[in-house]
Amino acid sequence: MARKDRTSVICRVLYYLCALSLWVMPAFLIWVWFCADLIAKQNGRIPVQAIPFPLPVSTKVGMVLLSALLIAPTYWGLISLRRFLKACCAEDYLGTQNSRLLKRFALGLMGSALLSPICGAALSVVLTMHNPPGQKMLAISIGSNQFILAGVGALIFLLANLLKRASLIAEEHAQII
């Protein structure tokens, strides 16, 4: 009985953290808009001398749109994760839709991992698009974070497939009894 209570508590805590993060992510886009100059100075890929300050409005819009594109798969995945955790809070661990929701979360993680280098390259173009010819830059960076995020997403996808099989077996056993 204690294990069941612990699982329920953990699911509820994760549910609330997931719901909170769904509110924080749009606030992140507002922060990108208002702190675009600071973010551009600390980007780590492009020398500060190559970026025109203060940033034009078109550059800020590009930064917000690229940030939105980057967090969109994660946001979509977190919505599915929240629904999955809500079902788990109701102790519906082997529900028919749970594996689908977990797969969506995994696909969201993998989508963010794949979009990260693309958005980073596009950001370097956006930050230097107002420079004269010869001073525009394209910076491409792929790091271990993207590989780890894609790997975790693939692992969760595999676990979702196993959850689907387990729910089918449980359903089959319920029909026998």
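**Largest pocket.** I began with the largest pocket, which holds about 310 Å³ of space. For the record, on a 1 Å grid over the protein atoms alone, a pocket is an open set of points with protein on both sides within 12 Å along at least five of seven lines, a cavity is a set where a 1.4 Å probe fits but cannot get out, and lining residues have an atom within 4 Å of a point. Grid points are joined across faces, edges and corners, and a volume is the space filled by probe spheres set on the points.

This is a predicted model, so I kept the limits in view: local features need pLDDT of at least 70 and side-chain atom pairs pLDDT 80 or more, while totals for chains, interfaces and linings use all residues. Residues are numbered from 1 along each chain as its sequence is written, and side-chain values use heavy atoms, with hydrogens and water left out.

I found 14 residues lining the pocket, with Phe28, Ile39, Ser67, Leu70 and Leu123 nearest its centre. Helices H1 (2-34), H3 (57-89) and H4 (98-127) each supply at least two lining residues, and H3 gives the most, with five. Helices here are DSSP runs (H or I, at least four residues), numbered from the N terminus.

**Cavity.** I noted one cavity of 30 Å³ or more. The largest cavity has about 30 Å³ of space, and its lining is Asn43, Arg45, Ile46, Gly120, Leu123, Ser124 and Leu127.

**Asn98.** Next I looked up Asn98, which sits in helix H4. Is Asn98 buried or exposed? Asn98 is buried, at a relative accessible area of 0%; buried means under 20%, exposed over 50% and partly exposed in between (1.4 Å probe, protein chains only). A polar atom of the Asn98 side chain lies 3.2 Å from the backbone oxygen of Tyr93. Beyond neighbours within four places in sequence, Asn98 is in contact (heavy atoms within 4.5 Å) with Phe84, Ala87, Asp92, Tyr93 and Leu163.

**Aromatic pairs.** I counted two aromatic pairs. Rings of Phe, Tyr and Trp (its six-membered ring) pair if their centres lie within 6.5 Å; planes under 30 degrees apart are stacked, over 60 edge-to-face and the rest tilted. Tyr15 and Tyr16 are edge-to-face, at 5.5 Å centre to centre and 70 degrees between the planes. Phe28 and Trp31 are tilted, at 5.9 Å and 35 degrees. Both Phe28 and Trp31 lie in helix H1, three residues apart, about one turn of the helix. Phe28 is partly exposed at 34% relative accessibility, and Trp31 is partly exposed at 41%.

Conventions
Polar contact = N/O pair within 3.5 Å; in protein donor to acceptor, adjacent residues only side chain to side chain.
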